[in-house]
Amino acid sequence: WQEWLNRRFRKPLPLFYLYELGINRTRSLLILKILSCIVLLATFALMDGAYDVRAVLTGLLFCTLLHTIVIFDHRHFEDQYLAFTRNLSIPLWKRYVSLSITYGGLLLPECGLLIIHTLPHNPWHWMMLMVFGISVLQLFRCLLYFPRLDQDKYLRWVFLCFCVLLFMCLGHIYGWAILLVQCAAFPLFVTRYYRYEPAYEQVQ
């Protein structure tokens with residue numbers, strides 16, 4: 001069925017890594033999605049009917065924290081198989097949008113849960129929550145354009161970002177949190193994308 005799919009379905013660039021996860025890393029992806037959905041369901045259960053967007057944002061922030069290993073592997077996948085795409089004449093803003101589509105697709109199961117549980121309370125909150133989740137994942141990915149950032153250092157930076165965003169969400173300034181994340185992620189992407197050179201051991 002995989003060969004049949006490859007013959008009949010032409011994958012756009014944003015779906016390359018999602019395809020890799022779905023085909024070759026199915027078990028890891030399934031475990032990640034189960035844990036992530038459990039976190040969100042536990043968040044909604046603990047609210048006990050009293051809807052609080054801060055609690056949902058906190059739960060979503062923990063979900064993005066679960067995705068850090070997948071994001072770290074994304075760099076290795078790009079270094080091994082997608083290095084040629086850096087030579088394509090694609091504007092940087094389109095590459096950034098492509099990154100957001102990749103992580104939007106990665107968060108689709110969480111998006112379904114958010115729509116189901118937030119739509120009765122506010123018809124637009126689920127969209128804001130998804131933008132928040134995608135933005136955080138983009139920031140986590142853009143940190144990895146520093147090639148010497150190993151897994152330990154990466155997780156330290158991720159934890160620092162997590163703490164800052166958690167306090168902003170609890171302080172009712174989640175709109176500013178999204179703006180802050182994008183103001184950090186996009187300049188990092190623009191300034192580091194073409195300067196990034198993977199370390200030799202990362203492509204082995």
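Colleague: Does Leu35 count as buried, partly exposed or exposed?

Modeller: The model is a predicted one. Leu35 lies in helix 3, and its relative accessibility is 44%. Buried requires under 20% and exposed over 50%, so at 44% Leu35 counts as partly exposed.

Colleague: Which helix gives the most to the nonpolar patch?

Modeller: The patch on the surface is formed by Leu30, Ile31, Ile34, Leu35, Ile38 and Leu66, with about 530 Å² of accessible area together. Five residues, written as 5 in the count, come from the element spanning residues 26–47. The greatest contributor is therefore, by that count and at a span of 26–47, helix 3.

Colleague: Which residue forms a salt bridge with Lys33?

Modeller: Lys33 is buried, with a relative accessible area of 11%. Its partner lies in helix 7 (residues 108–118), 77 residues apart from Lys33 in helix 3. The closest N and O atoms of the pair are 2.9 Å apart, and the partner is Glu110.

Colleague: How many residues apart in sequence are the parts that Glu78 and Arg141 tie together?

Modeller: The side chains of Glu78 and Arg141 meet in a salt bridge, at 2.5 Å from N to O. Glu78 lies in helix 5 and Arg141 in helix 8, so the parts tied together are separated in sequence by 63 residues.

Colleague: Is helix 8 largely enclosed by the rest of the structure or largely open, and how many of its residues are buried?

Modeller: Helix 8 covers residues 125–142 and reaches 26 Å from its first C-alpha to its last, close to the 26 Å expected. The largest nonpolar core has 58 residues, and its largest share, 10 residues, comes from helix 8. Helix 8 is largely enclosed by the rest of the structure, because the number of its 18 residues that are buried is 15.

Colleague: Does Thr85 count as buried or exposed?

Modeller: Thr85 lies in the loop between helix 5 (68–81) and helix 6 (92–106). Leaving aside neighbours within four places in sequence, Thr85 is in contact with Leu13, Arg95 and Tyr193. Its relative accessibility is 6%, so Thr85 counts as buried.

Conventions
Residues are numbered from 1 along each chain as its sequence is written. This is a predicted model: local features need pLDDT of at least 70, side-chain atom pairs count only at pLDDT 80 or more; totals for chains, interfaces and linings use all residues. Side-chain values use heavy atoms; hydrogens and water are left out. Helices (H or I, at least four residues) and strands (E, at least two) are DSSP runs, numbered from the N terminus. The expected span of a helix is 1.5 Å times one less than its number of residues. Buried means under 20% relative accessible area, exposed over 50%, partly exposed in between (1.4 Å probe, protein chains only). A nonpolar core is a set of buried Ala, Val, Leu, Ile, Met, Phe, Trp, Tyr and Cys residues joined through side-chain atoms within 4.5 Å. Patches are made of residues with over 30% relative accessible area and no salt bridge: like charges are joined within 9 Å, nonpolar side chains (Val, Leu, Ile, Met, Phe, Trp, Tyr) within 5 Å. Accessible areas come from the Shrake-Rupley method with a 1.4 Å probe; for residues, only the protein chains shown count as cover. A salt bridge is a side-chain nitrogen of Lys or Arg within 4 Å of a carboxyl oxygen of Asp or Glu. Contact means heavy atoms within 4.5 Å.
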